[in-house]
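Let's take a friendly walk through this structure, one group of side chains at a time.

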Amino acid sequence: MIRALKGKNTWIFSALIVFTILTVIVSITYGPATITRADIFQCVMYECASPMHDMVIWQIRIPRVLVGLVAGMGLACAGAILQNVTRNPLADPYLFGIISGAGLGATIATFTLGDQQSLALPLAAFLGALFSVVIVFGIATLLRNMNHLLLTGVAVSFMLGSISHFILYLGDPFATNRVIFWLMGSLARVEMFHFYLIGAMVLLTLLTIFALHRQIDALLLGDESAASLGVNIDKLRLILLALCAAVTATIVAYCGGIGFVGLMIPHIVRQLVGVTTMPLIIGSALVGGCFLVWVDVAARSAFSNVEIPIGIITSAIGSIFFLAIMYRTRKTG
């Protein structure tokens, strides 16, 4: 990690770290409740002037900002790993079927467990995401062509999404409305506990990637070159796909379906620091976290009486970005 921060990228990472800190501090000041910056400073550093300030700042804004930060980090890192492992610039947890699988698991848990979901929900989301990964990896193995991973993921994503929609169609209308809003992505109901859980999963993901970064870099040279260097390609891919499934499922379980963050952020970061795994992952984590925090700020501040699901905003931006990547690939290839 220290080596990744050295050299010509030093000022880039320094600027990103400073921007991340400023993002966390400044984003707390935004929201529908009218609270001055002086009140926020007093509440954070000393004691809140009123119980209302304490509730808004410590129970709503700070958890939202911190969860948005680690969720953006996790999705961006998952996207970067999927793109490097598959060597496909369009790979993303949303397009790969992982979010649809996690959403299916969480939807089933929501309808079957009622209010007893606090621990079972992330487990159900993880099992759904892992189920999606197994199907995608299995079909691509049968086809004996890892280049079909993304196309397989898109097909599996539609299939699992249709099952989720069928369950919603048959479900209780009140529960269905709640699940539909959740599937569009929102940080409205997050708590500090969710920050600790998602943060721990993101940290585990980062540590695992750092430990395997040389093998991941070898994959960029091609399967034959990586195998000649002693890399167990199938085992490495399966470990990384399971890791991406785990971190994505944890995020989806508490934040809903937030798409295209893993597609956009790695492409932006590659233009700054290159394709090597270590700097790419560190940069993606910082940029992805800041991006999702500011998207959430826009979602809860754009209108005074309604909150926009953040998945709608990221999908709108991401779809344009997706088309731009396809056009650029056509022009260059």
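## Burial and a charged network

A residue is called buried when its relative accessible area is under 20%. Arg300, with a relative accessible area of 6%, is therefore buried. Keep in mind that this is a predicted model.

Arg300 takes part in a salt bridge with Asp296, at 3.1 Å from N to O. Both residues sit in helix H13, and because they are 4 residues apart, about one helical turn separates them. Asp296 is buried too, at a relative accessible area of 2%.

## Reaching across the chain

The model holds 5 salt bridges. In one of them Asp296 pairs with Arg64, and their closest N and O atoms are 2.6 Å apart. Asp296 belongs to helix H13 and Arg64 to helix H3 (residues 51–86), so this bridge ties together parts 232 residues apart in sequence.

Arg64 is buried, with 6% relative accessibility. Arg64 also forms a salt bridge with Glu307, where the closest N and O atoms are 2.9 Å apart. Glu307 lies in the loop between H13 and helix H14 (310–332), so here the linked parts are 243 residues apart in sequence. Glu307 counts as partly exposed, at 24% relative accessibility. Taken together, Arg64, Asp296, Arg300 and Glu307 are linked in a network of salt bridges.

## Aromatic pairs

There are 2 aromatic pairs to look at. Tyr30 and Trp294 have ring centres 6.0 Å apart and planes at 75°, so their pair is edge-to-face.

Phe195 and Tyr196 make a tilted pair, with 5.6 Å from centre to centre and 55° between the planes. Tyr196 is exposed, at 53% relative accessibility.

## A nonpolar patch on the surface

Tyr30 turns up again in a nonpolar surface patch with Ile17, Val18, Ile21, Leu22, Ile25 and Val26, which together have about 600 Å² of accessible area. Val18 is located in helix H1 and is partly exposed, with a relative accessible area of 47%.

## Around Ser157

Which residues does Ser157 touch, leaving aside those up to four places away in sequence? They are Tyr94, Leu95, Gly97 and Ser100. With Ser100 there is a side-chain polar contact of 2.7 Å. Ser157 itself is part of helix H6 (residues 149–170) and is buried, at a relative accessible area of 14%.

Methods. Residues are numbered from 1 along each chain as its sequence is written. This is a predicted model: local features need pLDDT of at least 70, side-chain atom pairs count only at pLDDT 80 or more; totals for chains, interfaces and linings use all residues. Side-chain values use heavy atoms; hydrogens and water are left out. Rings of Phe, Tyr and Trp (its six-membered ring) pair if their centres lie within 6.5 Å; planes under 30 degrees apart count as stacked, over 60 as edge-to-face and the rest as tilted. Buried means under 20% relative accessible area, exposed over 50%, partly exposed in between (1.4 Å probe, protein chains only). Helices (H or I, at least four residues) and strands (E, at least two) are DSSP runs, numbered from the N terminus. A polar contact is a pair of N or O atoms within 3.5 Å; within protein, one must be able to donate a hydrogen and the other to accept it, and residues adjacent in sequence count only if both atoms are side-chain atoms. Contact means heavy atoms within 4.5 Å. Patches are made of residues with over 30% relative accessible area and no salt bridge: like charges are joined within 9 Å, nonpolar side chains (Val, Leu, Ile, Met, Phe, Trp, Tyr) within 5 Å. Accessible areas come from the Shrake-Rupley method with a 1.4 Å probe; for residues, only the protein chains shown count as cover. A salt bridge is a side-chain nitrogen of Lys or Arg within 4 Å of a carboxyl oxygen of Asp or Glu.
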